Each structure stands twice: as C-alpha cells, then as structure tokens.
Amino acid sequence: MANWIFLGPPGVGKGTYAGRVADLVGIPHISTGDLVRAEIKSGSPLAEKMKEITSTGGLLPDALILDILHKRFEEGKGNNETGFLLDGFPRTAAQAAELMKVTDIHLVVNLSLREDVLIEKCCGRRVCEHCGKSYNIADIYRKAGPEGPEIIMPPLNPKPECADHLTHRADDTEEIVQKRLDIYNQEAGPVEDYFRQTGVLADFEITGGIPETKPVLLDFLHQQLSLQSSRGSKQ
C-alpha cells in the first residue's frame, strides 16, 4: 500500500508530477482540483456555489472537500486500489488531521518554487478545448542569486493541431493567482508542521522544467522511501 501526498502552492506542478509518478508506481492519481471541476460540471445542487467561489480565487470549505474525497476513496476501495497519490489536499492542519483519521499516509512531498516564477507559470497555462491537453507558453529563466538557484523552464508549446484551439482559464490572471498564493501561504506552514511532526514530510525544490525535474524527483522519492524503510527496520 502506498498512500502519498504532493503538497505545494498553486502552479507548482503538483498535478503534473503526481500524474506521472502515479502512472510509474501503478497507483491512482487523485486531484482535488479535478474532483471539484467534475462536480461543477455535473450540475449538482452545489455546482453553482462551488463555481462562484473558485472563479474568484476563493477556496472551498473543508467539509465540502472532505465529502468529495470520501466519495472518491470509497470508489477506490470498491475497485481494489492499492494506494493513491493525492494532490491539492490537505490545505490546512485541520484537514490534515481529518485525513489521517480515515487513512494512513506514508509520504508527503512538499514541492516548492519561487513565487514570481509561480505567477508567471500560472499565467502561461493553456488547455486545448478539443483534446483537453495542457500546455504552458511561459518561457522562464532566472539567474542564480540571493533569491535562490538558477531556474530554467522552457515553454511547453502546443502541438500544431492544438495551436488554434487553446483556452486560458478565467482564474489564471496575475491578480487572482496572487490571491490564491496569499491564501495558501497563510495556511501552508501549519500543514507542513503537522506532517513534519509525524515524520512523513520531505521538501523538494523545483528549478527546471518537467523533463529535467522528473528524473531528479524520482531519485528523491526512492531516497525518501529507503530512509523510511531504514527507520522502520530500526524500530
């Protein structure tokens, strides 16, 4: 059983990395963002209220997210899933505590990226309205300095057949992205502290694009699992 969580601010790439790692490990990737968007599209009684909150950069209430996640976990049990890789949740220490009441968590990876890069990256996101594939037109470079290490993130340009069908999410504007980051930063510390105290948190800083970061992240995960296994054998 492998129950993992990827934490990190909006735009850091939790969903992208979680999806690719989950495929390699053979566990389902559960994104609270995807679950929320699916619920909104379903036309349920809560759909309009959820849409109103998310379209202005607000965060949904804890109880609502927990209800949606509980439904997904129950579906997983029925399908004999052997774990999960969760991203986008928990956002608060209270959510983390509630989550730990219903399932074991074996590893929490805290992904980080400079805030100015996060904003530029979010504003560059695009989605093909025909096939649903995601792209990013931002071409990001930062020199190494007091702010941190060198960052090189080339654009993820669309395929020719998608180029004329790109859409830009209404909430991917600098003002709304900054609002989401401010909210996240207020709540992230207690969540990180909660998981750090349980001994399952590991920090990982992103400094490159997906092709460069993916193998480094995989090596990092193997190291963390080896450390956990070593600690477990000594207990």
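**Close-up 1. What helix α6 packs against.** The buried residues of α6 pack against strands β5, β6, β7 (140–142) and β8 (151–153), plus helix α7 (174–198). Here everything comes from a predicted model, in which local features need pLDDT of at least 70, side-chain atom pairs count only at pLDDT 80 or more, and totals for chains, interfaces and linings use all residues. Residues are numbered from 1 along each chain as its sequence is written, and side-chain values use heavy atoms, with hydrogens and water left out. Helix α6 covers residues 115–123, and its buried residues are Val117, Leu118, Ile119, Lys121 and Cys122. Buried means under 20% relative accessible area, exposed over 50%, and partly exposed in between (1.4 Å probe, protein chains only). Helices (H or I, at least four residues) and strands (E, at least two) are DSSP runs, numbered from the N terminus.

**Close-up 2. The three-stranded open sheet.** Here the strand order is β6-β5-β9, and the pairing is antiparallel. β6 (134–136) and β9 (166–167) are the edge strands, each pairing on one side only. Two strands count as paired if DSSP finds at least two bridges between them. β5 (residues 125–128) and β9 are joined in the antiparallel sense over 2 bridges; look for Val127, whose bridge partner in β9 is Thr167.

**Close-up 3. Helix α5 against helix α7.** The axes of α5 (residues 93–102) and α7 are 7 Å apart, and the helices pack at an angle of about 40 degrees. Axes are lines fitted to C-alpha atoms, for helices over the stretch in contact, and angles run from 0 to 180 degrees between N-to-C directions. On the α5 side you'll find Ala93, Ala96, Ala97 and Met100, which meet Pro190, Val191, Tyr194, Phe195 and Thr198 of α7. Sorted by class, this contact has 8 nonpolar residues, 1 polar and no charged ones. Contact means heavy atoms within 4.5 Å. As for the classes, Ala, Val, Leu, Ile, Met, Phe, Trp, Tyr, Cys and Pro count as nonpolar, Asp, Glu, Lys and Arg as charged, and the others, Gly among them, as polar.

**Close-up 4. The five-stranded open sheet.** This one runs in the order β2-β3-β1-β4-β10, with parallel pairing. β2 (29–31) and β10 (201–205) sit at the edges with a single partner strand each, so one side of each has no neighbour in the sheet. From one strand to the next, the twist averages 20 degrees. Helix α2 (residues 32–42) packs on the sheet, where it touches β2 and β3, and its direction makes about 60 degrees with that of β2. Further in, β1 (residues 2–7) and β4 (residues 107–112) run parallel and are joined by 4 bridges; Leu7 has Asn110 in β4 as its bridge partner.

**Close-up 5. Ala18 in helix α1.** Ala18 belongs to α1 (residues 14–25). Is this residue buried or exposed? Ala18 is buried, with a relative accessible area of 0%. Leaving aside neighbours within four places in sequence, Ala18 is in contact with Phe6, His29, Leu85 and Asp87. Gly148 is 130 residues away along the chain, and its C-alpha atom is separated from that of Ala18 by 24 Å.

**Close-up 6. Lining of the second largest pocket.** Of the 14 residues that line this pocket, Asn3, Phe73, Lys77, Phe84 and Thr103 lie nearest its centre. α4 (62–78) and β3 (83–87) each supply at least two lining residues, and the largest share, 6 residues, comes from α4. The lining has 5 nonpolar, 5 polar and 4 charged residues. On a 1 Å grid over the protein atoms alone, a pocket is an open set of points where a 1.4 Å probe fits, with protein on both sides within 12 Å along at least five of seven lines; lining residues have an atom within 4 Å of a point.
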